[in-house]
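Welcome! Take a moment to look over the sequence and the fold before reading on, and keep both at hand as we go.

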Amino acid sequence: MDYLTIEGGYKLSGSVRIGGSKNASLPIIASTILSQEKVTLTNLPDVVDIKTLIKLLGMLGANVEYHNSYSATINNGSINSTTAVYEIVSQMRASILVLGPLLARFGECKVSLPGGCAIGQRPINLHLKALEKMGAEISIEDGYVHAKAPNGLNGAKIIFDKITVGGTENILMAGALARGVTTIINSAKEPEVIQLCEVLVSAGVRIDGIGSSELTIYGTNRKTLSFPDIAIIPDRIEAGTYLCAGAITKSKITLNCVNATHLRASIDKLESMGCEFDIIDDNITINPPNELKSINFITTEYPGFPTDMQAQFMALSIVSDGETIIEERLFENRFMHVSELNRLGADICLKGNIASIHKADELNGADVMATDLRASSALILAGLIANGKTNVHRIYHLERGYEDLEGKLSGLGAKIERVKANKK
Ligand code: EPZ
């Protein structure tokens, strides 16, 4: 398998363009099932997960036309199957986002259970309970969710016991075509959820409370939607990762095409660690200090500190002055990067869902293994400052959610390259 090799110790400079948001693209691609007409999406990120979900729509019978790596037109008028097979869903658990729209439009569907992943069990009980509340009959057979609502879904009052991004998105899409009004209480408020709401509104669905934790969706009673062209919002996690790259290498770099308001929690943390920022329109320049201060982190739902930035800030904490405590509250196993970072010379101890990090005077390059998407980026960040070469293996994790990471980092002056599997 290919791996990335990084020669540490080089400063970064210049600017990098941030791509479209993976986690906004996925639900929006799924929502196009609610239309029988063409929908054109632009500013899609050129990452594997997007290709996988679009491939799933193709397998359901949709007609897909790629204009380039960042833009595609999807026509779900030709969908002739409502079965999302294990082969795809097991590759990308966010495929579960087709459940709500398929059920709402066709009245029945079969979607493979997504199963867990490295960071946790990732159950979908809240999705299923909410759909039952809307009148669906749900059964689990042979590893598949069988969902039926032959007369369509009914609007309902849904109170989520836990804030769930995917659950909110599935019910938003189900409620869009339901008969009557659906209220989601304790809904997620991530920018990606907000863009899904805005896209559904632009396609003809009335939604009240956008951006709040209580959403009210006025269903069209199975009347399918007409979407205008959709430009995906910037990826706040990709952006946060590059800000951490600037901070960890003590380099002034600029990010283009970002929305700083989506990054407030990460920017706030970096400011507390001593970084300064110039934010002009959709550009952010980071000016890091010579010595980063240690601060503590607790991951929580938006607008709090994002769990998807936990691993990256852990890498940063390795070289910040003092002790750092990181508490991971959303996922039960999102510290897989700890043992790999310790292989590079970090001093990180784990106690349940709490990590304590003591400053390491230096890191030394080694072979390390990526375990999940964001953990992989943390290993890259550490490699940027480790002495000698760091080889990051199993980079298929990275390619799921980071667009051309080695190309973008090389463009900033990092010494990073991909080593092809058959070349040693
Ligand atoms: C989304 O996952 C993101 N993925 C994740 O990003 C992100 O980490 C997560 O939200 C939290 O912000 C996409 O948007 C594609 P949840 P999702 O449902 O929707 C529990 C990345 O790196 N839960 O908000 O799956 C669940 O186990 C990825 O880009 C239930 O118990 O997350 C978790 O503990 C990783 N039952 C918590 O809720 C359910 O039915 C939050 O999960 C659903 C969720």
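What follows is a walk through a few parts of this structure, which is a predicted model.

Let us begin with the nonpolar cores. The largest of them has 74 residues, and Val98, Leu172 and Leu200 have the most contacts inside it. Helix α2, residues 48-60, supplies the largest share of this core, with six residues. There is also a second, separate core of 68 residues, whose members include Leu243, Val258, Phe297 and Ala346.

Now zoom in on valine 98. Apart from its neighbours within four places in sequence, valine 98 is in contact with Ala30, Ile33, Leu53, Leu56, Leu57, Ala84 and Val111. One of these partners, leucine 53, is worth a visit of its own. Leucine 53 sits in helix α2, and because its relative accessibility is 0%, it counts as buried. Which residues does leucine 53 contact, leaving aside its neighbours within four places in sequence? They are Leu26, Ile29, Ala30, Met92, Ser95 and Val98. Sequence and space can also be compared here: leucine 53 and arginine 93 are 40 residues apart along the chain, while their C-alpha atoms are 9.8 Å apart.

Helix α8 (residues 236-248) and helix α10 (residues 310-317) have axes that come within 10 Å and cross at roughly 5°. An angle under 35 degrees counts as roughly parallel, so α8 is roughly parallel to α10. On the α8 side, the contact is made by Ile237, Thr241, Cys244, Ala247 and Ile248, and on the α10 side by Gln312, Phe313, Ala315 and Leu316. Sorted by class, this contact has seven nonpolar residues, two polar ones and no charged ones.

After α9 comes glycine 274, which has a positive phi near 110°.

Our last stop is threonine 324, found in strand β19, residues 323-327. Is threonine 324 buried or exposed? It counts as buried, because its relative accessibility is 0%. Its side chain makes a polar contact of 3.3 Å with the side chain of serine 294. Not counting residues up to four places away in sequence, threonine 324 touches Ser294, Ile295, Asn296, Phe297, Ser317, Ala355, Ser356 and Ile357.

How values were computed:
Residues are numbered from 1 along each chain as its sequence is written. This is a predicted model: local features need pLDDT of at least 70, side-chain atom pairs count only at pLDDT 80 or more; totals for chains, interfaces and linings use all residues. Side-chain values use heavy atoms; hydrogens and water are left out. A nonpolar core is a set of buried Ala, Val, Leu, Ile, Met, Phe, Trp, Tyr and Cys residues joined through side-chain atoms within 4.5 Å. Buried means under 20% relative accessible area, exposed over 50%, partly exposed in between (1.4 Å probe, protein chains only). Helices (H or I, at least four residues) and strands (E, at least two) are DSSP runs, numbered from the N terminus. Contact means heavy atoms within 4.5 Å. A polar contact is a pair of N or O atoms within 3.5 Å; within protein, one must be able to donate a hydrogen and the other to accept it, and residues adjacent in sequence count only if both atoms are side-chain atoms. Axes are lines fitted to C-alpha atoms, for helices over the stretch in contact, and angles run from 0 to 180 degrees between N-to-C directions. Angles under 35 degrees count as roughly parallel, over 145 as roughly antiparallel, 65 to 115 as roughly perpendicular and the rest as oblique. Ala, Val, Leu, Ile, Met, Phe, Trp, Tyr, Cys and Pro count as nonpolar, Asp, Glu, Lys and Arg as charged, and the others, Gly among them, as polar.
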